[in-house]
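I opened this model to look up its ring pairs, its sheet and its cores. My entries follow in the order I worked.

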Amino acid sequence: MIDVQHITKRYGRVTAVDDVSFRVERGEILGFLGPNGAGKTTTMRILTGYMPPSEGRAAIAGFDTFDQPIEAKRRTGYLPETPPLYPDMTVREYLDFVGRIKGVPPKQRKDRVAEVMQRVHITDMAARHCAKLSKGYRQRVGIAQALIHNPDVLILDEPTAGLDPKQIIETRELIRSLAGDHTIVLSTHILPEVSQTCQRVVIINKGRVVAVDTPQNLIARLKGAETMFVQVDAGSEDAAVALERVPGVTRVTVSEQPGVAGGYEVESDRGVDVRRELARAVVTRGWGLLELRPMRMSLEEVFLQVTTEEKPEEATRA
Ligand SMILES: Nc1ncnc2c1ncn2[C@@H]1O[C@H](COP(=O)(O)OP(=O)(O)O)[C@@H](O)[C@H]1O
Ligand SMILES: [Mg+2]
C-alpha cells in the first residue's frame, strides 16, 4: 500500500533523510521510531506529497506522490505535528471545510462530518470553536480531518505528543481501531508507543533506517547478544575458528569494514564478558591483537536515546 524507495532529502548541507526505503502492507500499523531530528517528519512530508525528495520515490497505492499527486493525496490522510485548525471555526464547520477541500461531495458532507466526529468521539464538541479545545480534543479533530475523505492511508506524525496519560491511552485505542480499514504509519520518539500500537517498526536515526522488524523481535535482538570487534594479525592463518572456540562466543563473522584486514565481529551471550578469553586466544597463538572493543549497534544507540518513560512533553517544547 505504501512503497518508499531510496528517499534522500537534503536541506542545503544537512541530509535530513538518507536513502530510506520501506513498505507497508494494507491494513498494517507501522511505527516510525527515532529520536528527535531523526528525519521522521521529513519522511512523512514526502510521503504526503508536501515536499519532493532530493532523490528516490514514494508511492501510495501505486500512485507516485510526485508524478500523480492528486491520486496519491486522495488516498492519504495526514495528521501533521501541529494539526492545522482554524481557531474561529467550530469543529463541525472546520471538518465541513476540510471535506470540501478534499472533494467530499456536498450531498454527503454532512453525514461524513457526523460520521468522523463519532468515530473519534468528538460529537459533543461539534459546536465548540477550535480555539477553545483542549490539546487532547485538538488532536482528535486533527485525526478527524485526516479521515474526512475516507483515505486508505493515514500518516500520523507523533499523534500522542503532548497528551496526558489518559489521552495517550485513548488516542492509541482510537488508532488501533482504525487499523484494518486503513493502513497507518505513525511516528514517535517514545518506545512504548510502538510496542503497544504497531505491528512493525522502522527505526530511524540520523536520517537512516537502522532496523525494520516487529517490536518483539527488536527487543529480543537487543537483549540477546553483545558484539565485539576484534582485529587480529594472524599472518596467513584464519583466526575465526580460534575465536569461535572461546567459551560464551556464539558467532564470528568477518568484518566488512572497508580497508580493515583481519577484522572480526564476535557475538556472545549478553552478560558474558569474553574479552579476556578472546585476547588470550589470540596471544597464545602468537598472533598480534590489533584491536578489541565492544561494538555499539546503532539500533542500541537509538533505543538508548528514545525515551522509555511515558512522559507527556512540556508545553514549552511544542
Ligand atoms: N526546513 C528545514 N530546513 C533545514 N533543516 C531542516 C528542515 N526541516 C528539518 N530539518 C533538519 O532535518 C533533520 C530531520 O528533521 P525532522 O524530519 O523534523 O526530524 P524528526 O521529525 O525525526 O524530529 C533535523 O536535523 C532537522 O534539523
Ligand atoms: Mg518530527
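I started with the aromatic rings. Tyr86, Tyr94 and Phe97 form a cluster linked by ring pairs. I used this rule: rings of Phe, Tyr and Trp (its six-membered ring) pair if their centres lie within 6.5 Å; planes under 30 degrees apart are stacked, over 60 edge-to-face, the rest tilted. The rule gives four aromatic pairs.

I note that this is a predicted model: local features need pLDDT of at least 70, side-chain atom pairs count only at pLDDT 80 or more, and totals for chains, interfaces and linings use all residues. Residues are numbered from 1 along each chain as its sequence is written, chains are lettered from A and ligands numbered from 1 in the order in which they are written, and side-chain values use heavy atoms, with hydrogens and water left out.

I looked at Tyr50 and Tyr78 next. Their ring centres lie 5.3 Å apart with planes at 50 degrees, so this pair is tilted. The pair links distant parts of the chain, 28 residues apart: Tyr50 sits in the loop between α1 (40–47) and β4 (55–60), Tyr78 in strand β6. Helices (H or I, at least four residues) and strands (E, at least two) are DSSP runs, numbered from the N terminus.

Tyr50 is exposed at 56%. Tyr78 is buried at 11%.

I then returned to Tyr86 and Tyr94. Their ring centres are 6.1 Å apart and their planes are at 45 degrees, so this pair is tilted too. Tyr86 is partly exposed at 42%, and Tyr94 is buried at 1%.

I turned to the sheet. It is open, has six strands in the order β6-β7-β8-β3-β9-β10, and its pairing is mixed. Two strands pair if DSSP finds at least two bridges between them. Neighbouring strands are turned by 15 degrees on average, direction ignored.

I checked the partners of β7. Four bridges join β6 to β7, and the two run parallel. Thr76 stands opposite Val153 in β7. β7 and β8 are also parallel, over five bridges, with Leu186 in β8 as the bridge partner of Leu156.

How many residues of β7 are buried? Five of the five are, so the strand is largely enclosed by the rest of the structure. Val153, Ile155 and Asp157 cover one side, Leu154 and Leu156 the other.

I followed β8 to its other neighbour. Strand β3 (residues 29–33) pairs with β8 (residues 183–188) in the parallel sense over five bridges. Phe32 has Ser187 in β8 as its bridge partner.

A nonpolar core is a set of buried Ala, Val, Leu, Ile, Met, Phe, Trp, Tyr and Cys residues joined through side-chain atoms within 4.5 Å. The largest has 41 residues, and Leu95, Ile122, Val141 and Ile184 have the most contacts inside it. Helix α5 (residues 135–147) gives the most to this core, with five residues. A second, separate core of 25 residues includes Ile46, Met51, Ala58 and Ala72.

Methods
Buried means under 20% relative accessible area, exposed over 50%, partly exposed in between (1.4 Å probe, protein chains only). Axes are lines fitted to C-alpha atoms, for helices over the stretch in contact, and angles run from 0 to 180 degrees between N-to-C directions.
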